[in-house]
Amino acid sequence: MAVKRLLRISYFMMLAVIGALVRIPFKPVPFTLQAVFAVLAGLTIGGTDGAYSQLAYAVFGILGVPVFTAGGGYAYVLEPTFGYVIGLIMGAYVAGVILRRFGTLKLGNIFLSGIAGLAAIYIIGAIYQVLIFTLYLSYPVAEAFKTLLPLPLMFAAHAIIILIIALILPKAKTMIGLYRQEKFKKNASCADCAD
């Protein structure tokens, strides 16, 4: 079980890396698929493991592996976009925990859980972004807040993708469950034949 769990965490860590590569250049924060993959991690493997997958991604980047949208290394913590990396961890956790509380894979439950996770990413990222611009880059407060202007459009685009995930996820989980049941039945019948 521990190996399967580590594999699931590593899959979603790799999806975060892939999500950073798929980007549309907005300034100062590019539009990527990382937020979507972080939320998906929480929705599929749970809040804790989803958060671990994004934490692993953050650690790799800080250690110097160029997995972030603009490279990597410990100096990246002073980039205005680093708050969104922190947000990915919390977003995955929030999405997973809320969906677990709902207890059922209904469209509305998945969508609301995903939006809550997405909101966590954006709130943490936006606060960090403004703080870096004002305290480290010495921007006037009004100018720092102007850097947040593209965020509502990006949030809306991510929300549409979350809605698509909410439509697909219950069917995908059902198909995976049926496949596992079928595989179990085949293995059980073969074991019976061997006896």
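User: With which side chain does the side chain of Asn-109 make a polar contact?
Analyst: At 2.8 Å, the side chain of Asn-109 makes a polar contact with that of Thr-104. This is a predicted model, in which local features need pLDDT of at least 70, side-chain atom pairs count only at pLDDT 80 or more, and totals for chains, interfaces and linings use all residues. Residues are numbered from 1 along each chain as its sequence is written, and side-chain values use heavy atoms, with hydrogens and water left out. A polar contact is a pair of N or O atoms within 3.5 Å; within protein, one must be able to donate a hydrogen and the other to accept it, and residues adjacent in sequence count only if both atoms are side-chain atoms, and the partner here is Thr-104.

User: Is Asn-109 buried or exposed?
Analyst: Let's look around it: Asn-109 sits in helix H5 and touches Leu-99, Phe-102 and Thr-104, not counting residues up to four places away in sequence (contact means heavy atoms within 4.5 Å). Buried means under 20% relative accessible area, exposed over 50%, and partly exposed in between, using a 1.4 Å probe and protein chains only. Because its relative accessible area is 13%, Asn-109 is buried.

User: What is the volume of the largest cavity?
Analyst: On a 1 Å grid over the protein atoms alone, a cavity is a set of points where a 1.4 Å probe fits but cannot get out. Grid points are joined across faces, edges and corners, and a volume is the space filled by probe spheres set on the points. One cavity of 30 Å³ or more is counted, and the volume of the largest is about 220 Å³.

User: Which helix gives the most to the lining of the largest cavity?
Analyst: Lining residues have an atom within 4 Å of a point; there are 18 here, and the closest to the centre are Val-29, Pro-30, Thr-32, Gln-34 and Tyr-84. Strand S2 (31–32) and helices H2 (34–45), H4 (82–102), H5 (107–136) and H7 (151–194) each supply at least two residues. With three residues, the top contributor is H4.

Notes: On a 1 Å grid over the protein atoms alone, a cavity is a set of points where a 1.4 Å probe fits but cannot get out, and a pocket is an open set with protein on both sides within 12 Å along at least five of seven lines; lining residues have an atom within 4 Å of a point. Helices (H or I, at least four residues) and strands (E, at least two) are DSSP runs, numbered from the N terminus.
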